There are 2 protein chains.
Amino acid sequence: MALRTIERVFIALGACAVIALFSLYVTKSTAQSGQPQAEGNSSPIYGIAIPAGYREWRLISVNHLSGASGKLKQVRAQLGNDIAIKAFREGTLPFPDGAVIAALHWSENLSDENNKVLAIGFPGADLQSSVAGSAENVQFMVKDSKEYAATGGWGFADFKNGKPGNEALHQTCFPCHEPAKARDYVFTRYAPTP
Amino acid sequence: MALRTIERVFIALGACAVIALFSLYVTKSTAQSGQPQAEGNSSPIYGIAIPAGYREWRLISVNHLSGASGKLKQVRAQLGNDIAIKAFREGTLPFPDGAVIAALHWSENLSDENNKVLAIGFPGADLQSSVAGSAENVQFMVKDSKEYAATGGWGFADFKNGKPGNEALHQTCFPCHEPAKARDYVFTRYAPTP
């Protein structure tokens, strides 16, 4: 039972507790086809494909996720395309059409290498450094207020190894984001620049 | 005693266990002055100022740090300028001159908001989501093999609230990075793209 919950967590948190949208041309190309459908490498329901070059986008924030079992540990980063970054920085709500947020999730690996160094530099502090391990999944939220009017103006997509999750998974995205309605369904806040 | 260790950790991990360099023009401007000195908003020893626009740089990786006391918890991101990102992606070692790595550190804040949503979506999993809180500090590593020949070709800088740490702090940077000599003194590895 617990394991099944964790599995569900891996998959759907993969899919929904975060935040992301897409580059405008992708949105437009799906919008032109009317009601978007899953097609090959696009997400079911929303018809969103992985936007080319999203790894070049700018940083919104980072976060950390852990589960009771100790088995689920992830480090995460959220990146935004130009429209999304501008909206975050200026506090624009709702996000304008064309905003895309990408949520990148990695398994969290304890770094023995780092910890050895930390133990020498900071004896007694028992510092634990965890780093990004293998890629778990990437999610996108794409703002198109007309195309995705039924889901708060956002389309959702979740990919693992380049393949979109199934329809059941994508049905969980919007309900999970609804509690963040006051912030246009986006959980992530822009991290201050140190 | 323990507290003093933790304080040291806050300051120097702030300063040294991570990884970053600077935009080329900054390096050059300090290089022109010969032996770099701390001057106002530049780091002691290395003479490095905060490079303008570093928050626009691309993501290298993220990580998580925690201490035995439970008081030290940080989420972290490393960004690279174009030269650094190219070197990371191509596995180029040593890093070429002009490479700059920025390490952004935030206090880690447990997100009640996220956890409420997670508790509904994933009952029994006891998921804990932590997000970037206040900015702690930012560090830079700047590659200039001539200017910083005595410290592996790297200059170091640590800033909190826009002000550089003192000389004693900056003296810890290079010794701490020496164990990573085989990777040109850089601990951070490039996170795979999900």
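## Strands of chain B

Strand 2 (residues 73-80) of chain B is mostly covered, with seven of its eight residues buried. Buried means under 20% relative accessible area, exposed means over 50%, and partly exposed lies in between (1.4 Å probe, protein chains only). Strands (E, at least two residues) and helices (H or I, at least four) are DSSP runs, numbered from the N terminus. This is a predicted model, in which local features need pLDDT of at least 70 and side-chain atom pairs count only at pLDDT 80 or more, while totals for chains, interfaces and linings use all residues. Residues are numbered from 1 along each chain as its sequence is written, chains are lettered from A and ligands numbered from 1 in the order in which they are written, and side-chain values use heavy atoms, with hydrogens and water left out.

What pairs with strand 2 of chain B? Strand 1 (residues 58-66) of chain B does, in the antiparallel sense, over eight bridges. Two strands pair if DSSP finds at least two bridges between them. Gln74(B) in strand 2 is the bridge partner of Leu65(B). Strands 1 and 2 of chain B form a hairpin, with six residues between them. In the turn, Gly70(B) has a positive phi of about 80 degrees. Strand 3 (residues 100-110) of chain B also runs antiparallel to strand 2 of chain B, and seven bridges join them. Here Ala77(B) has Leu104(B) in strand 3 as its bridge partner.

## Salt bridges

Side chains of opposite charge can pair when their charged atoms come close. A salt bridge is a side-chain nitrogen of Lys or Arg within 4 Å of a carboxyl oxygen of Asp or Glu. By this rule there are 16 salt bridges over all chains. One of them joins Lys86(A) to Glu90(A), at 3.3 Å from N to O. Lys86(A) and Glu90(A) are four residues apart in helix 3 (residues 82-90) of chain A, so about one helical turn separates them. Lys86(A) is partly exposed, at 49% relative accessible area. Glu90(A) is exposed, at 52%.

Another salt bridge joins Arg189(B) and Glu113(A), whose closest N and O atoms are 3.4 Å apart. This pair crosses between chains. Arg189(B) sits in the segment after helix 6 (173-177) of chain B, and Glu113(A) in helix 4 (residues 112-121) of chain A. Glu113(A) is partly exposed, with 34% relative accessibility.

Within chain B, Glu136(B) and Lys160(B) form a salt bridge, 3.3 Å from N to O. Glu136(B) lies in strand 4 (residues 128-143) of chain B and Lys160(B) in strand 5 (residues 154-160) of chain B, so the pair ties together parts that are 24 residues apart in sequence. Glu136(B) is buried at 15% relative accessibility, whereas Lys160(B) is partly exposed at 41%. Elsewhere, shared partners join Glu56(A), Arg58(B), Asp82(B) and Arg89(B) into one salt-bridge network.

## Aromatic pairs

The structure holds 20 aromatic pairs over all chains. Rings of Phe, Tyr and Trp (its six-membered ring) pair if their centres lie within 6.5 Å; planes under 30 degrees apart count as stacked, over 60 as edge-to-face and the rest as tilted. Tyr54(A) and Phe140(A) have ring centres 5.0 Å apart and planes at 85 degrees, so the pair is edge-to-face. This pair links distant parts of the chain, 86 residues apart. Tyr54(A) is in the loop between helix 2 (24-32) and strand 1 (58-66) of chain A, and Phe140(A) is in strand 4 (residues 128-143) of chain A. Both Tyr54(A) and Phe140(A) are buried.

Phe174(B) and Tyr185(B) make a tilted pair, because their planes are at 50 degrees, with ring centres 5.2 Å apart. Phe174(B) lies in helix 6 of chain B and Tyr185(B) in the segment after helix 6 of chain B, so the pair ties together parts eleven residues apart in sequence. Phe174(B) is buried at 11% relative accessible area, and Tyr185(B) is buried at 10%. In chain A, ring pairs link Tyr46(A), Tyr148(A), Phe156(A), Phe174(A) and Tyr185(A) into a cluster.

## Symmetry

Two copies of a chain are related by a rotation about an axis and a shift along it. Chain A can be laid on chain B with an RMSD of 0.0 Å, by a turn of 180 degrees and a shift of 0.0 Å along the axis. That is the relation of a two-fold axis. In chain A, Arg58(A) has the C-alpha nearest the axis, 3.0 Å from it. The same surface serves both copies, as 100% of the contact residues of chain A recur in chain B. Contact means heavy atoms within 4.5 Å. The copies are superposed by least squares on the C-alpha atoms of residues with pLDDT of at least 70 in both.
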